[in-house]
Every structure is written in C-alpha cells, then in structure tokens.
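Dear colleague,

I am handing over the structure below, and my notes on it follow. Please read them with the coordinates open.

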Amino acid sequence: MQSWAVPAAVLLLLHAAGCTGNALPDSIWPPVDFELTVEEVHVENGTANVVRRFRARADGVVSYATSSRAVVDAATGTALPVFERLSVYELVPTSIRALARRIDRCGILELDRVQGERGVVDGPSLVLGWQAFDRRQVITARGRVHGAMAQVLAIVAEHLPVGEAFGLPELNDRPVVPVLRGVPEPVADAAGALTAHRQLLARRPEDRTLLLDAFALACDLGRRSTAEEFLAQWLTLTATERRQQDMFPEQEPRLTAALLERLLPPAR
C-alpha cells in the first residue's frame, strides 16, 4: 500500500496498518461518507478541553492525536486543542471495512445519546461521532459504560497505537488485544504535526476538522501567515453554515470569524 512521503526532519510516521485476520468479502462498507470520531474531553475551570482524539474515515486514513494545551479565546473561553502529539496511519481496505461493520453491528444508531453514569459530573467524558449512509449519531459517555457502548469503545481501543487508551474507568479495566500491526507510536512534534496536516489537507481540502486543527497548530507555533491561510480556507467552506447561524443567534456553540481572528498570533 502506498504511503505518503514526509520530510526527514519530521518525526511523524505514516504507515499502512493491516488487520491480523482474514480478508473480508465484497461489501457496501464503508460508505463514502463514513466517519468515526472519539474525543476525550476534560473540563477545567469551566473550559472544555479535548485532550485525545481518534478519527477514521472511509479512505482508511486514521489519525490519533493527544493535546496537552489549547489556544483559548479570552473573551468567550472557547478552546481549540493543539494536537502536538500525533500518529497517522492508513488501514488496508479489509481493516477499515471490518471496523465500520463491527461498530454498526453493535447498534450504534439505536443507542441512547447519553451513556454511562448519568450522575457523574467530574472526570473525563468521551464524545463519539458516527456517520454512515447519510445518518449521524453523537453519543456522550461519562463514568463506567456497559453493554453495547462498552463494546463499541473496546473495538475503537483495538485500533489505537500500542500503549494508548481513553480515560474512562471501565475501558481501562478491559484487556485490549490490538487487531492491527504496523501502527506507529504517536510522536510529540508540533511542527511535524503541522506538516502532516498539510499532507492530509492536500488529500481532503474540504475537511473542516483538519483545517481547524491545522489552524490551532499554526497559532501555537506563532506562524501567523500560515494560520491566516487555514482560517481563510475554513471561512470559505463554512460561509453558508455561518450565514444560517446568524439567523438563529441562540444556537451554540458558534465559531465566528471574529473569535478565530482573536486567536491569531501577533504579526512578526
């Protein structure tokens, strides 16, 4: 499988990762709009910070990233995570197909949108986003999870780099047997992560999440012109959506041009 070239100075590794099982027969999985995202969120001083994210799309490219800091808008408290520690790998077709099918078979679309211990307010939460065949699901989990949701998160954990885990107690109690081989360890290198985001955006120029992540990295690195470039692309892609939001100002949260411009580092 083809991998993407990365400059020698960049420590990020991009590998093709394969499943240890047998090949699957032809299937409608994954659909072209398939996306799976799991984010670990910590709330500190009233600000929600995404500290870990797993993201897989239909083309098989997976990104796993962690963040130890954020760029924060002082006026609103809105925080964009700086994913300075990153691993990117591409699943072979049978592996991305199996991942999507296994989670679908758990009944992901029928699960309640709040999972775990409903009385738990402290500690981390996980936010899982699922999209397939023009249907979407967003589930928030706190505390100990059970049943189908625990099974879904266990499947995701099997696709993480070795030694990495999400922060819910129930998940840490379960043994995880990776189903992939060749998954690179995350590398802490903000500049390398920014270069990797550029490569991913060359393949997915319409990816709003990637643009925001690249924007936050550029801001954190003090690269104003680069951050302005990503911001301009994001504003173009979201123009229609933001106009609709202006018609319903009570809808939150909102990322506005003014808010993001306040995050830009000083000009040099």
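Is Q115 buried or exposed? At 14% relative accessibility, Q115 counts as buried, where buried means under 20% relative accessible area, exposed means over 50%, and partly exposed covers what lies in between, with a 1.4 Å probe and protein chains only.

Before going further, please note that this is a predicted model, in which local features need pLDDT of at least 70 and side-chain atom pairs count only at pLDDT 80 or more, while totals for chains, interfaces and linings use all residues. Residues are numbered from 1 along each chain as its sequence is written, and side-chain values use heavy atoms, with hydrogens and water left out.

To return to Q115, this residue is found in strand β8 (residues 114-116), given that strands (E, at least two residues) and helices (H or I, at least four) are DSSP runs numbered from the N terminus. Leaving aside neighbours within four places in sequence, Q115 is in contact (heavy atoms within 4.5 Å) with I139, T140, A141, R142, V145 and M149. For V145, which is 30 residues away along the chain, the C-alpha separation from Q115 is 6.4 Å.

The chain as a whole

The secondary structure comes to eight helices and 12 strands, and buried residues make up 50% of the 268 residues in the chain. Among contacts with a separation of 6 or more, 69% are between residues 24 or more positions apart. The chain exposes about 13,300 Å², of which carbon and sulfur atoms supply 51%; accessible areas come from the Shrake-Rupley method with a 1.4 Å probe, and for residues only the protein chains shown count as cover.

The aromatic cluster

Rings of Phe, Tyr and Trp (its six-membered ring) pair if their centres lie within 6.5 Å, and planes under 30 degrees apart count as stacked, over 60 as edge-to-face and the rest as tilted. By this rule there are three aromatic pairs. One of them joins W29 and W130 in a tilted arrangement, at 6.3 Å centre to centre and with 45° between the planes; W29 lies in the loop between β1 (14-19) and β2 (35-44), whereas W130 is in strand β9 (residues 125-132), 101 residues apart. Another is formed by F34 and W130, which are edge-to-face at 5.3 Å centre to centre with 80° between the planes. Because F34 lies in the loop between β1 and β2 and W130 in strand β9, this pair ties together parts that are 96 residues apart in sequence. W29 and W130 are both buried, and F34 is buried as well. Ring pairs link W29, F34, W130 and F133 into a cluster.

The peptide bond from W29 to P30 is cis, with omega near -10°, and P30 is placed in the loop between β1 and β2.

In the loop between β9 and β10, F133 has a positive phi of about 55° although it is not a glycine, and F133 counts as partly exposed at 39% relative accessibility. D134 lies in the loop between β9 and β10, also has a positive phi, near 65°, and is exposed, with a relative accessible area of 75%.

Cavities and pockets

On a 1 Å grid over the protein atoms alone, a cavity is a set of points where a 1.4 Å probe fits but cannot get out, and a pocket is an open set with protein on both sides within 12 Å along at least five of seven lines; lining residues have an atom within 4 Å of a point. Grid points are joined across faces, edges and corners, and a volume is the space filled by probe spheres set on the points.

The largest pocket has a volume of about 1,500 Å³. Of its 39 lining residues, those closest to the centre are E39, R53, T209, L212 and L255, and the largest share of the lining, six residues, comes from β3.

With best regards
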